[in-house]
Every structure is written in C-alpha cells, then in structure tokens.
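Colleague: Please take me through this model. I will ask what each label rests on.

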Amino acid sequence: MSTTVGACGGFEGPGAEEPLEPGTADAALNFDGEEFKGWLQVPALAGATSDPALCTDGGRAFLAFSRTTSGLLYGVADFAQGFSSWTPYNTLLPRKFGTSPACAMIFPTPTERHFITVARGSTDPLNQTDRRLFWSQGRWLAGTTANPPEMVTEWAPIDSNTYASGGSPAIVSRNDKVVITFLADNGKIHAHYKDPSQPWSDRKDGPDMPAGWTAIGTPAIAFVENWVMKYMIVVLAANSNFTQFKFYYTFFNGTSFVDAVGGTPATFEELPLATTPGTAPTVDSEPALEYESTQLATSTLYYRVGDFIYQTSGLVYDFGTNGILPIRGDVNKQFRSAPSVVGGVPYDQGLHQVLARDSSNRLWHIESQNDYLTP
C-alpha cells in the first residue's frame, strides 16, 4: 500500500452489479478466516470531513491527516496505539484546502521521519481564492511517545495550474522520488514528479479515457514491481448518466505516462471486477492501491461497497480473476469514505494497513494478520 490514497475524495454512488462473492477465485488477503485484525479507533477530530490520508514507514506507528469543514488540515500520530493530539498542519496565517490531503514518507534520519503532504488549495492566508496544488515537507520526531507531525516547509504551489472541481491528488514515494497524480476539472489524468532535492516537474498529461467513460474523484497510485517496475494508476470512471462505475488503469514510468511494457501511447484499460464480464461492479468510492514486495509480491486494490471496505489482490492488475473480500465483514463500521492504505510496512506482523472514516466522522485503522492469499 503505497500511500494514496488515501486521498480519495467524497464520491458516493451505486454501481450496476453485485461484487464478486468472497472466495469466487484465487487471491485475496486472508488469515484463518479473517484477513485483518480488529479496527482501532483514532481520536476524534471536531469538524472532520472527506477522505483521510495515511502514511507510515515504521512499525507500530502511523500518521493520519484530515481536512475539516472549514478547509483546514490537521495531523495526528500514533505510536504503539497511543495517539498525539490532532494538530493544525499549517502556519499562523492558515491556508485552506478544497480537497482531501495525501501524504507519503520520504528519507528518514535516526531521530526523525520526513514526509510530504499535498492537497488542492481553496483560499490563501488572506482569504483570497487560490486553487493551485500545494505541497509541504514535514517531520515526525521519533521517540517513545506519539509526537504530532510538524511542518518544516511552508505550503508552496507545485505549479500555476488551478482547478475548480478537480485537483484531488494521490501520492506515492519510492527511493525518495515522489509522484502525484490527479484529475483536472475535465477528468483528464495528469501527474507531477519530484526527484530528491529537485523542484517539481511540469505537468505531465496522461491518456484519454475510453469513449463513454469519464474519470472522477481521486486516482490511486502505487509502484508495482514484478515484471512491470512502474507506477500503476487506477481511476474510478462513470458512464455518461452516472448509472455505472468502473475502474480503469494506466502506468507512469517516473517521467511520463506509458503502457505496461513502457511503450507509448499510454492507454486506459478496464479492471474487470464484475460478476458479468463487460458490466460494472458495485462500487461506492474511489480506489486505493498498494504493492507489497517482501512476502506476497502482489498489488492490492481497495474500495468501499456500502458500509464495508473491500479488497482484492493480484500479481499486477489481474484483480478481476481473483476473490474480493470485505475487511472484517463481521463488524459493520458504516464507512462513508474511500480507504487510504499503506503496503509493505508492518504495524505488527501484517504488511497491509487501512484507514477509513465512518458515518459519524470517526477514523478507524486496521492492519492485516500474517498474510497469505486465499480463494
């Protein structure tokens, strides 16, 4: 679960078909009948809204970010299930934001961890409209207690483009290279990348959607290894009258959009996650995506169906042939957000972590058990 995601924003809508029944094919995370442990409640944040962001690079600790109804961003840290207070991630003259945040960890030091947070702006500190994409580098002090995330660099624009309804970013880091992806107001996919100690790239244009489908909301992104060794991007798409929803994927090689083998032009291909080929699955949120390389060497896709977060795994993008399972289907938390996920980083022994918001605006975190794939 490279961080995305977390960054999925605000979509809700019914699809056309039922999701795959649990156990209909050959790969979803599972462990003795329950693939994940119990849900851990994150302390409440007054006025919290939209989709949360999750990031971590160490065991028994994570960061969560959330936007409030006033447009302000807040962060909280967990250390061994002990939480810091929610702290404004802003300056004394705060900037407000119009999308959910996204975060990704970058180079750590022996005493502190570092991360980058991104979001699309709403108003500047003087309350003037400013809808560019912004980023900030922060730090998270290591210690024996939970220390809240701290801002190191002021919010700065990534480029001069503005977005009225789009611009909700997903982010991932690998070897300290950071890539963000997002949809413009017209549903066109774009990306920026940032190499260590370098400025952000200019905006990179992605492929067009297939005829009759429009990408919406927030994409998901993860670096996928195996034979691909590229950033995989998944988007939620709607048909012309918003009665069916599907997932489509494309790839980014670190500097430009490409196909799976690195050629051009890049294209969007459908993820076949429905019981009837060619139809749309039931889906009620944007996706989240992660890749775990140390044990299963698989990518895992997450999304919300009704009150539950579902997940399915595959070697790269073969989710449609594999089982789809709800996370703790025996416990109904009435989730209303898209999930935010991290993969390949254990909390205890499991290598998959998920964060989501319920109908009462409470955040819940969960980790996988000792992981293996199951029918």
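**Labels and cut-offs**

Colleague: Why does aspartate 348 count as partly exposed?

Modeller: Aspartate 348 has 31% relative accessibility. Buried means under 20% relative accessible area, exposed over 50%, and partly exposed in between (1.4 Å probe, protein chains only). The value 31% falls in between, so aspartate 348 is partly exposed. A caution on the source: this is a predicted model, where local features need pLDDT of at least 70 and side-chain atom pairs pLDDT 80 or more, while totals for chains, interfaces and linings use all residues. Residues are numbered from 1 along each chain as its sequence is written, and side-chain values use heavy atoms, without hydrogens and water.

Colleague: What makes the contact of lysine 37 and aspartate 348 a salt bridge?

Modeller: The rule asks for a side-chain nitrogen of Lys or Arg within 4 Å of a carboxyl oxygen of Asp or Glu. Lysine 37 and aspartate 348 meet at 3.4 Å, N to O. That is within 4 Å, so the pair counts. The two residues are 311 residues apart. Lysine 37 sits in the loop between strand E1 (28-30) and strand E2 (40-41). Aspartate 348 sits in the loop between strand E27 (340-343) and strand E28 (352-357). Strands (E) are DSSP runs of at least two residues, numbered from the N terminus.

Colleague: Is lysine 37 buried or exposed?

Modeller: Lysine 37 is buried, because its relative accessible area is 19%. The limit is under 20%.

Colleague: Which residues are linked with lysine 37 in a network of salt bridges?

Modeller: Arg60, Asp348 and Glu367 join Lys37 there. Arginine 60 lies in the loop between E3 and strand E4 (61-68). Arginine 60 is partly exposed, at 32% relative accessibility. Its phi is positive, about 55 degrees, although arginine 60 is not a glycine.

Colleague: How many salt bridges does the rule give in total?

Modeller: The count comes to 15. Among them is the pair of arginine 328 and aspartate 330, at 2.8 Å, N to O. Arginine 362 and aspartate 358 also form one, their closest N and O atoms 2.8 Å apart. Aspartate 358 is buried at 2%, whereas arginine 362 is partly exposed at 32%.

Colleague: Why is arginine 328 called buried?

Modeller: Its relative accessible area is 16%, so arginine 328 falls under the 20% limit. Arginine 328 lies in the loop between strand E26 (325-326) and E27. Phi is positive here too, about 50 degrees.

Colleague: How do you know that cysteine 55 and cysteine 103 form a disulfide?

Modeller: Their sulfur atoms are 2.4 Å apart. A disulfide needs two cysteine sulfur atoms within 2.5 Å, so the pair qualifies. The structure holds one disulfide. Cysteine 55 lies in strand E3 (residues 48-55) and cysteine 103 in strand E9 (residues 102-106), so the link ties together parts that are 48 residues apart in sequence. Both cysteines are buried.

Colleague: What makes the link of cysteine 55 and cysteine 103 left-handed?

Modeller: The angle about the S-S bond is -115 degrees.

Colleague: What makes the approach of threonine 300 and serine 313 a polar contact?

Modeller: Their side chains come to 2.7 Å. A polar contact is a pair of N or O atoms within 3.5 Å; within protein, one must be able to donate a hydrogen and the other to accept it, and residues adjacent in sequence count only through side-chain atoms on both sides. Threonine 300 is in strand E24 (residues 298-305). At 0% relative accessibility, threonine 300 is buried.

Colleague: What makes E28 and E29 a strand pair?

Modeller: Pairing takes at least two DSSP bridges. Five bridges join E28 to E29, so the antiparallel strands qualify. In E29, glutamate 367 is the bridge partner of glutamine 353. Two bridges join E2 to E29, also antiparallel. There, glutamine 41 stands opposite tryptophan 364.

Colleague: Why is strand E29 (residues 363-367) called mostly covered?

Modeller: Five of its five residues are buried. Leu363, His365 and Glu367 are on one side, Trp364 and Ile366 on the other.

Methods:
Helices (H or I, at least four residues) and strands (E, at least two) are DSSP runs, numbered from the N terminus.
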